[in-house]
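Here are some friendly notes to read alongside the model.

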Amino acid sequence: MIVRIMGEGQVQVAESHLPALNKLDDELLTEVESGDQDGFRRTLGALLDAVRSAGEPLPDDSLEPSELILPAPEATLEEVKAMLKDDGLIPG
């Protein structure tokens, strides 16, 4: 799966990492819904770090379609809330 982190680029992440990423996504969804700013910031950082460590960066000149788009590390709670779907940022 190709994941884009806004403002950073794309990484190729194996499907086997999705359960761990979904767990963090579920935590993030709960924190956004409750307005927990500190938890949101911590979990967003953990989610993006997990994607970076699990993924293989694609070359900057690669123009692959992203299957998943994640917010930039400095995104606000309100910006992420606007990106959320019923099951969070990551489907499943």
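1. A cut-off to begin with: a residue counts as exposed when its relative accessible area is over 50%, as buried when that area is under 20%, and as partly exposed in between. K23, at 55% relative accessibility, is therefore an exposed residue. Its salt-bridge partner is E27, and the closest N and O atoms of the two are 3.8 Å apart. With a relative accessible area of 33%, E27 is partly exposed. Both residues belong to helix 1, where 4 residues, or about one turn of the helix, separate E27 from K23.

2. On confidence, please keep in mind that this is a predicted model. The average pLDDT of the protein is 93, and 100% of the residues score at least 70. Helix 2 has the highest confidence, at 97, while helix 3 has the lowest, at a mean of 93.

3. Now for the rest of the charged pairs. The whole structure holds 3 salt bridges. One of them joins the side chains of R52 and E8, at 2.6 Å from N to O. Since R52 sits in helix 2 and E8 in the loop between strand 1 and strand 2, this pair ties together parts that are 44 residues apart in sequence. R52 is partly exposed at 32% relative accessibility, and E8 is partly exposed at 39%.

4. R52 also forms a salt bridge with D49, whose closest N and O atoms are 2.7 Å apart. Here both partners lie in helix 2, 3 residues apart, which is about one turn of the helix. D49 has a relative accessible area of 46% and is partly exposed. Through shared partners, the salt bridges join E8, D49 and R52 into one network.

5. Helix 1 deserves a look of its own. It covers residues 18–34, 17 residues in total, and its first and last C-alpha atoms are 24 Å apart, close to the 24 Å expected at 1.5 Å a residue. Its buried residues are L18, L21, N22, L24, D25, L28, L29, E31 and V32. Helix 2 (37–54) and helix 3 (77–83) are among the elements that cover these buried residues. After helix 1 comes G35, which has a positive phi near 75°.

6. Turning to the strands, strand 1 (residues 2–5) and strand 2 (residues 9–12) run antiparallel and are joined by 4 bridges. Within this pairing, I5 stands opposite G9 of strand 2. The hairpin has 3 residues between the strands, and G7 there takes a positive phi near 85°. Strand 2 also pairs with strand 3 (residues 56–57), again antiparallel, through 2 bridges. In strand 3, P57 is the bridge partner of V11.

7. Which residues does L70 touch, apart from those up to four places away in sequence? The contacts are V3, R4, I5, M6, L47, L48, V51, M83, L89 and I90. L70 itself lies in strand 4 (residues 68–70). At 0% relative accessibility, L70 counts as buried. For a sense of distance, the C-alpha atoms of L70 and E15 are 16 Å apart in space, and the two residues are 55 residues apart in sequence.

Technical notes: Residues numbered from 1 in each chain as written. Predicted model: local features only at pLDDT ≥ 70, side-chain atom pairs only at ≥ 80, totals over all residues. Heavy atoms only, no water. Buried < 20%, exposed > 50% of the residue type's maximum accessible area, 1.4 Å probe, protein only. Contact = heavy atoms within 4.5 Å. Expected span 1.5 Å × (residues − 1). Pairing = 2+ DSSP bridges. pLDDT = per-residue confidence, 0-100. Salt bridge = Lys/Arg side-chain N within 4 Å of Asp/Glu carboxyl O.
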